[in-house]
Amino acid sequence: MAWHYAREIPDYARLDTRILERDVAVVSYEYLKALEEGDEVENLAIAVGQRRRSQGVSLPALLRAYRLWAKDALEALKASAPGCLMELAPRVLELLDRVSEASAQGYQLAFEGKLSRGPVVGIGVRLADAGVVALAPRHISLSPEAVLYEQSPFGVLLFLAAPLCDVEEELKGLARKCRAVLWIEEGTDAPKIRAGLEEALALGGRLQLPPGLYPTRFLWPLAIALDSPKGRERLLGLLAPFKAHPELLATLEVYLQSGLSLKQTARRLDLHPNTVLYRLHRAEELAGLCLSRVEDLCLVSMALYLYRAVGATL
């Protein structure tokens, strides 16, 4: 369906292909599921209207896309379940009316809406994970008026008018459901939050992170290191002694990822804790580090961030 929109509607042809493949496909699936199971889809449709407005899709183009969706759905039903067509055709048209009206409402919200003063949570989603925003209304229990969408060159941004403590668990569930990396920043200054999220989306793709919720400050060390050629040289030089000992570098990295837990590191590497302890002591000797010093932990963390981000060789 997504490519049908792109062929028929110029506004959709201008969307990033990853948005077409993920966001539009997820929305189409959710509507088809609602057709079959009778689910409520108004909040999803309102969110679609907000997103399309932020992506530069006109309201007539959005409503035309809905008509194409209904036409495609009826043709698919005719081909796959002709015996059910008479029963389902009126439901397709009813659903078309519901989602068109709700999306038009969401489009107007995006045009007029501004987040109320108070705490705001910003969420940054890569274009490759654009399907996350389509499912957000299923997982975030806020009214449509409390959620705004923006299109960024680096991904999709969501702004929630709520404190992080109210939505954190829901966002974690959304990240798990979609197996996506979500960058978050909390505050009251929307432009500042937007800038932090865009930087995180630009830098975060350099790291191979597991799905989850990550504060933008997670990337500050990487940003600092990338801004200074001399800093990059020094940090990568800190890891140079491990060139002949990749197992020590891997152990050190897992140790840091495990919150400095010897037991968790041993479990993740399938090693005896004494072996892990030996490797850490050996790493300290080779690099002249002392892992009990906060300063050294910060330096080696920054060095590892940089090493993984730029794909450097030691």
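**View 1. The largest pocket of the predicted model has a volume of about 460 Å³.** Its lining is made up of 14 residues, and among these Leu209, Phe218, Glu253, Gln257 and Tyr305 lie nearest the centre of the pocket. Sorted by class, the lining of the largest pocket holds eight nonpolar residues together with three polar and three charged ones.

**View 2. Five strands form an open sheet with mixed pairing, in the order 2-3-1-4-5.** The edges of this sheet are taken by strand 2 (147–152) and strand 5 (212–215), each of which pairs on one side only. On average, and with direction ignored, neighbouring strands of the sheet are turned by 25° against each other.

**View 3. Strand 4 (residues 181–187) and strand 5 run parallel and are joined by four bridges.** Within this pairing, Leu182 has Leu213, in strand 5, as its bridge partner. Helix 8 (residues 164–178) packs on the sheet, where it touches strand 1 (120–126), strand 3 (155–160), strand 4 and strand 5, and the direction of helix 8 makes about 170° with that of strand 4.

**View 4. Helix 9 (residues 190–204) lies across strand 1, strand 2, strand 3 and strand 4.** The angle at which helix 9 runs to strand 4 is about 155°, while for helix 8 the corresponding angle to strand 4 is about 170°.

**View 5. Pro163 is found in the loop that lies between strand 3 and helix 8.** Is this proline buried, partly exposed or exposed? Pro163 counts as partly exposed because its relative accessibility is 25%, a value that falls between the 20% under which a residue is buried and the 50% over which a residue is exposed. When its neighbours within four places in sequence are left aside, Pro163 is in contact with Pro119, Val121 and Glu186. Pro163 and His139, which are 24 residues apart in sequence, have a C-alpha to C-alpha separation of 16 Å in space.

Key. Residues numbered from 1 in each chain as written. Predicted model: local features only at pLDDT ≥ 70, side-chain atom pairs only at ≥ 80, totals over all residues. Heavy atoms only, no water. Pairing = 2+ DSSP bridges. Helix = DSSP H or I, 4+ residues; strand = E, 2+ residues; numbered from the N terminus. Axes fitted to C-alpha atoms, helices over the stretch in contact; angles between N-to-C directions. Contact = heavy atoms within 4.5 Å. 1 Å grid on protein atoms, 1.4 Å probe; cavity = no way out; pocket = protein on both sides within 12 Å on 5 of 7 lines; lining within 4 Å. Points joined across faces, edges and corners; volume = space filled by probe spheres on them. Nonpolar A, V, L, I, M, F, W, Y, C, P; charged D, E, K, R; others polar. Buried < 20%, exposed > 50% of the residue type's maximum accessible area, 1.4 Å probe, protein only.
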